[in-house]
Amino acid sequence: MPKMISRKQFALGSAAAILAASFIAAPASAQEVTLKGVTAFAEKTTYSRAFEKFIDRVNAEGKGFIQINYIGGPKAMPPFEVGNALKGGVIDIANTTGAFTTNVLPEGDAWKLTEVPMSELRKNGGFDYMNKLYGEKMNAIFLARHVDNNPFHLYLNKQISKPDLSGLKIRITPVYRDFFQALGATVVQTPPGEVYTSLERGVVDGYGWPITGVFDLGWQEKTKYRVDPGFYTAEVSILINKASWDKLTPAQQAVIRKAADAAEAEAAGIFAEENAKDTKRQAEAGIQVITFSAADAAAYRAKAYDSGWEGIIKQSPEHGPKIKGFFSKK
Ligand code: 173
């Protein structure tokens, strides 16, 4: 159990007073809170990186009063179980994506469909609407989205000449399910950790994944083609259990808030660069690009969004249409 500041101490005065007391009167450790953090992506890979930076920042600024104990990634906890673990307070902080937490919050998968920046969603009510759902269904607070402007693609080992996946088996997560099925594919859901062996054994003919991160787990060795254009945008975010957050002092919350704000602010810049870098690196690794006619490409993207929203609204007839109103391009 983390050591918490007692009610009596809290009644003594402001956060500043508590903070001062922790430095002057009491041993620092008496009031230090340690939160357990888990990532749904492999440690030290593309989609864990900003979370690891966030932890470093919190641990540097929070020395003596707030620390995050980084438990690790999928070796510590299966990716699709992270949402439930956060909800139950088994962990305090999570790095995950909406597609991995649909078992507790189906609506979270809608983040992939945002066509307006987070800065705008934080102003137009879209963020608040979603954060309320995180509170109600996951006992969580959405701290920061640190992956955005990072399109998904279809990667294949068989040629296609038009947007038709009939006869093909494709690895998915909830991100791609409705779209790839609408294109006629047979779909197989796996966590990222099983993509390499699925390709190697020929269990799948391709997979969905963003433009970045293919190299993290060596998939370039088993990937012949990437289909352009991309569609949607990846979302990976830092979430905190609500009870864990509520137990923190304002000073402890401020350390977390500041590191989270930095992570979200840095996302756009990071991915503009990373997308270009990995596109080039894929070409250098011999991954060939499959493109469609202009008309087919437009239809492909339209189908992605139409089937994506249809899926979200089917999962959540109550909230889906409202979320679409916030997230879609006007
Ligand atoms: O393909 C996936 O595993 C997936 O859903 C995802 C989501 C966000 C970032 C990277 C992958």
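Is the crossing of H3 and H10 left-handed or right-handed? In this predicted model it is right-handed, that is, the near helix is turned clockwise from the far one by less than a right angle. Helices here are DSSP runs of H or I with at least four residues, numbered from the N terminus. The axes of H3 (residues 49–61) and H10 come within 9 Å and cross at roughly 150°; they are lines fitted to C-alpha atoms over the stretch in contact, with angles from 0 to 180 degrees between N-to-C directions. That makes H3 roughly antiparallel to H10, a label for angles over 145 degrees.

As for who touches whom, H3 brings Lys-53, Phe-54, Arg-57, Val-58 and Glu-61, while the H10 side includes Val-255, Ile-256 and Glu-266. Contact means heavy atoms within 4.5 Å. Sorted by class, there are eight nonpolar, five charged and no polar residues, with Asp, Glu, Lys and Arg counted as charged, Ala, Val, Leu, Ile, Met, Phe, Trp, Tyr, Cys and Pro as nonpolar, and the others, Gly among them, as polar.

H10 spans residues 250–284 and also holds Asn-275. Asn-275 is buried, at 14% relative accessible area (buried means under 20%, with a 1.4 Å probe and protein chains only). Leaving out residues up to four places away in sequence, Asn-275 touches Asn-149, Asn-150, Pro-151, Ile-211 and Thr-212.

The chain has a mean pLDDT (the predictor's confidence in each residue, from 0 to 100) of 93, and 91% of its residues reach 70 or more. Over residues 1–28, though, the pLDDT is below 50. Where pLDDT is low, the predicted coordinates should not be read in detail.

Residues are numbered from 1 along each chain as its sequence is written, and side-chain values use heavy atoms, without hydrogens or water. Local features need pLDDT of at least 70 and side-chain atom pairs 80 or more, whereas totals for chains, interfaces and linings use all residues.

Conventions:
Helices (H or I, at least four residues) and strands (E, at least two) are DSSP runs, numbered from the N terminus. Buried means under 20% relative accessible area, exposed over 50%, partly exposed in between (1.4 Å probe, protein chains only). Angles under 35 degrees count as roughly parallel, over 145 as roughly antiparallel, 65 to 115 as roughly perpendicular and the rest as oblique.
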